[in-house]
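Here is a short briefing for a first look at this structure.

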Amino acid sequence: MTATLVQETSSPPPGPVADRTRRLRRRGKIIALLFVLPALLLLGALVVYPVLFSIGRSFFDASGTSFVGGDNYAEMFRDPATLKAVRNTAIWVVIAPALLTGLGLILAVLVEKVRWATAFKLLLFMPMAVSFLAAGIIFRLAYDEDPDKGVLNAAVVSVHDAFEGESSYPTARARDGQGLTKDKDGSYRTSASVSPGDAVALGLVGVQPGDLPGGAEPAYAAAGREAAADELRGVVYLDFTPGGGGEQGKVDRRESGLPQMKVEAVRDGKQVASATTAADGSFRFEGLEAGSYEVRLPSSNFAPPYEGVSWLGPALVTPAIIGAYLWIWTGFAMVLIGAGLSTLPRDALEAARMDGANEWQIFRRITVPLLAPVLSVVFITLVINVMKVFDLVYIIAPGPVQEDATVLATQMWLVSFGGGNNQGLGSALGVLLLLLVVPAMVFNVRRFRRSQR
């Protein structure tokens, strides 16, 4: 032991080479720190400080002068608007990432079969270059309820009218005391009974001469025709003389017939015959049995035009905004999943085909399992993103339904700056949003590290 101590005490001190190595390492650390320092300062000023300030601010009242403890957090879950924001955020988290991941996967697989794959990917990825502000304005116009402005409602109305047809006289009405009585369903019927051999003149007003269907002819000649013994004849006309003059309830020479008007003969409350008016507004029912009848103009003649779907109404505003979000982010999901798809071992796919597996079996049992890490990263990234969605909701949702579409990010802004002026409660909402986002971020970082290892 004495020899060992003597040997240790007599060992030579570290040489200049070791000192120089330590100095170089120390200098390298200092240089690295100097390069990182600006980023750390920005990170602290723009991220760390606001987070800490918001946490502290959430324990004070609206003015920021009185400490209220956890009252803001309790109020947050008592406020119906906040609860609705939490519900809408949950809808976003459940629906949007799942749809985007599924669409991205399907498109990434299908694009491999397309000849012009690069052009197709570029086309789908282009919405990512559009700002959320511009996308919100685009979809606000696309969802407009007026078919003359909103492209979606224009398409819906066109399809509806192609199958159901549309009323030619939505503004037409009968004058009081001129022989027509309005029923509860909007139809009109003759006030007095008529019989075969009679001729009736049914005058309507409320139709602008410029709105008459093309080919409408004067009704005067048709009004003068007599009916046969087993025939009920009449004319539906516009009881209005352009330029003034004429007599109410009487067909004048310059008054136009109303073509394409549906007319029914009713007996004992049941329809027994129907007809459509000609260009001069004339109609007739032939082969009627003797007896009393009523002539009825069905309500379908006066139905208001179909206006389409209220996309931005309380019921559909959230799905409509999610649709706009899908338009923007589908290309992002497709490109990421497509990058993962390009790294799959082709020998495994070819071996499955040689074993007789069809494309669906290959997709379900080989492609999807091998892409599971990529799909999870895309899904979690989108979850984090939808939790923070603000622009689309704020821009697309009209003022009256803003509360029906609100999510946590928009509710935080509305409470803090959009009229609520309660930054204590707004800070509590911000802390809640942070707590919801952090687990997803941690999961994504861990997944990324495991994939690197």
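How many cavities of 30 Å³ or more are there? The count comes to one. The model is predicted, and the points below are computed from it.

**The cavity**
- The largest cavity holds about 50 Å³ of space.
- Its lining is made up of Arg175, Gln178, Ala201, Gly203, Leu204, Val205, Tyr237, Asp239 and Gly249.
- Strand β3, residues 199–204, gives the most to this lining, with three residues.
- Sorted by class, the lining has four nonpolar residues, three polar ones and two charged ones.

**Aromatic pairs across the structure**
- The whole structure contains 16 aromatic pairs.
- One of them joins Tyr143 and Trp311: the ring centres are 6.2 Å apart and the planes meet at 40 degrees, so the pair is tilted.
- Tyr143 sits in the loop between α6 (132–142) and α7 (151–164), while Trp311 sits in the loop between β8 (294–297) and α9 (317–342).
- The pair therefore ties together parts that are 168 residues apart in sequence.
- Tyr143 is buried, because its relative accessible area of 8% is under 20%.
- Trp311 has a relative accessible area of 22%, so it is partly exposed.

**Further rings**
- Phe283 and Phe285 also form a tilted aromatic pair, with 5.6 Å from centre to centre and 55 degrees between the planes.
- Both Phe283 and Phe285 are buried.
- Ring pairs also link Phe59, Phe60, Phe67 and Tyr73 into a cluster.

Definitions and conventions: Residues are numbered from 1 along each chain as its sequence is written. This is a predicted model: local features need pLDDT of at least 70, side-chain atom pairs count only at pLDDT 80 or more; totals for chains, interfaces and linings use all residues. Side-chain values use heavy atoms; hydrogens and water are left out. On a 1 Å grid over the protein atoms alone, a cavity is a set of points where a 1.4 Å probe fits but cannot get out, and a pocket is an open set with protein on both sides within 12 Å along at least five of seven lines; lining residues have an atom within 4 Å of a point. Grid points are joined across faces, edges and corners, and a volume is the space filled by probe spheres set on the points. Helices (H or I, at least four residues) and strands (E, at least two) are DSSP runs, numbered from the N terminus. Ala, Val, Leu, Ile, Met, Phe, Trp, Tyr, Cys and Pro count as nonpolar, Asp, Glu, Lys and Arg as charged, and the others, Gly among them, as polar. Rings of Phe, Tyr and Trp (its six-membered ring) pair if their centres lie within 6.5 Å; planes under 30 degrees apart count as stacked, over 60 as edge-to-face and the rest as tilted. Buried means under 20% relative accessible area, exposed over 50%, partly exposed in between (1.4 Å probe, protein chains only).
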